[in-house]
Amino acid sequence: MELFATLLLAHLLADFPLQTDWMFRVKVRHWAGVVLHAAMHVLVTAALIQQPLTYWPVLLILWAVHSLIDWLKLYIQFKYISVGFVLDQIAHTLTLAMIAYQVPAIMGGIQPEIVPWLITWAMIPAVFMFLSILAVDVDQAAPGRVRWSKQNQTFKLISQISGYPLLAAVLIFRLI
């Protein structure tokens, strides 16, 4: 469970506060952006586990599977992008669970009792990004009818800003 929690924390960090608007735009336009984004996941995961070079094959698998999931998401069209978002997150979470199950020897680099608190904090940017995506869907389904759907950019900004103190906290706890 400790490894899964560490992998989930790394995923939440790389998918939300560290995925800037620039990276997202590159990711949806070209496969190289998908590769870059998946590489960010590997770097964050490597930073949060002990002896990452020992587990380079696992990190390579994480990169490949993350790239594949995100590449497929570009080509599978959903009526509502929130559905694609949720399915994408489920696929990534299942991947992390399989890695944690298959390679339980990997140790996290942050005290296990702190990781759940950091994951809870990491859910703030994730929830606000989901609200941003949901706002687009709501506006598409009922243009001009729902007032909060116009807050798409505000939700994205809150997602980004709320992630920066989290990144600092993770770095501090990793160095302790």
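This is a short exchange about how some terms apply to a predicted model.

Modeller: Residues are numbered from 1 along each chain as its sequence is written, and side-chain values use heavy atoms, with hydrogens and water left out. Because the model is predicted, local features need pLDDT of at least 70 and side-chain atom pairs count only at pLDDT 80 or more, while totals for chains, interfaces and linings use all residues.

Colleague: Why is H11 called buried?

Modeller: Buried means under 20% relative accessible area, exposed over 50%, and partly exposed in between, with a 1.4 Å probe and protein chains only; H11 has a relative accessible area of 3%, so H11 is buried. H11 belongs to helix 1 (residues 2-15), a helix here being a DSSP run of H or I with at least four residues, numbered from the N terminus.

Colleague: Which residues are in contact with H11, leaving aside its neighbours within four places in sequence?

Modeller: Contact means heavy atoms within 4.5 Å, and with those neighbours left aside H11 is in contact with H41, H66, Q89, H92 and L96.

Colleague: What lines the largest cavity?

Modeller: A cavity is a set of points, on a 1 Å grid over the protein atoms alone, where a 1.4 Å probe fits but cannot get out, and its lining residues have an atom within 4 Å of a point. The lining of the largest cavity includes H11, H41, H66 and H92, and about 60 Å³ of space lies in this cavity, a volume being the space filled by probe spheres set on grid points joined across faces, edges and corners.

Colleague: How do the residues of that lining divide into nonpolar, polar and charged?

Modeller: Ala, Val, Leu, Ile, Met, Phe, Trp, Tyr, Cys and Pro count as nonpolar, Asp, Glu, Lys and Arg as charged, and the others, Gly among them, as polar; the lining of the largest cavity then has 3 nonpolar, 6 polar and no charged residues. For the second largest cavity, with about 30 Å³ of space, the division is 7 nonpolar, 1 polar and no charged.

Colleague: Why does Q51 count as exposed?

Modeller: Q51 has 55% relative accessibility, and so Q51 counts as exposed by the cut-off already given. Q51 is placed in the loop between helix 3 (31-48) and helix 4 (56-75).

Colleague: What is the phi of Q51?

Modeller: Q51 has a positive phi of about 50°, although it is not a glycine. Most residues other than glycine have a negative phi.

Definitions and conventions
Helices (H or I, at least four residues) and strands (E, at least two) are DSSP runs, numbered from the N terminus. On a 1 Å grid over the protein atoms alone, a cavity is a set of points where a 1.4 Å probe fits but cannot get out, and a pocket is an open set with protein on both sides within 12 Å along at least five of seven lines; lining residues have an atom within 4 Å of a point.
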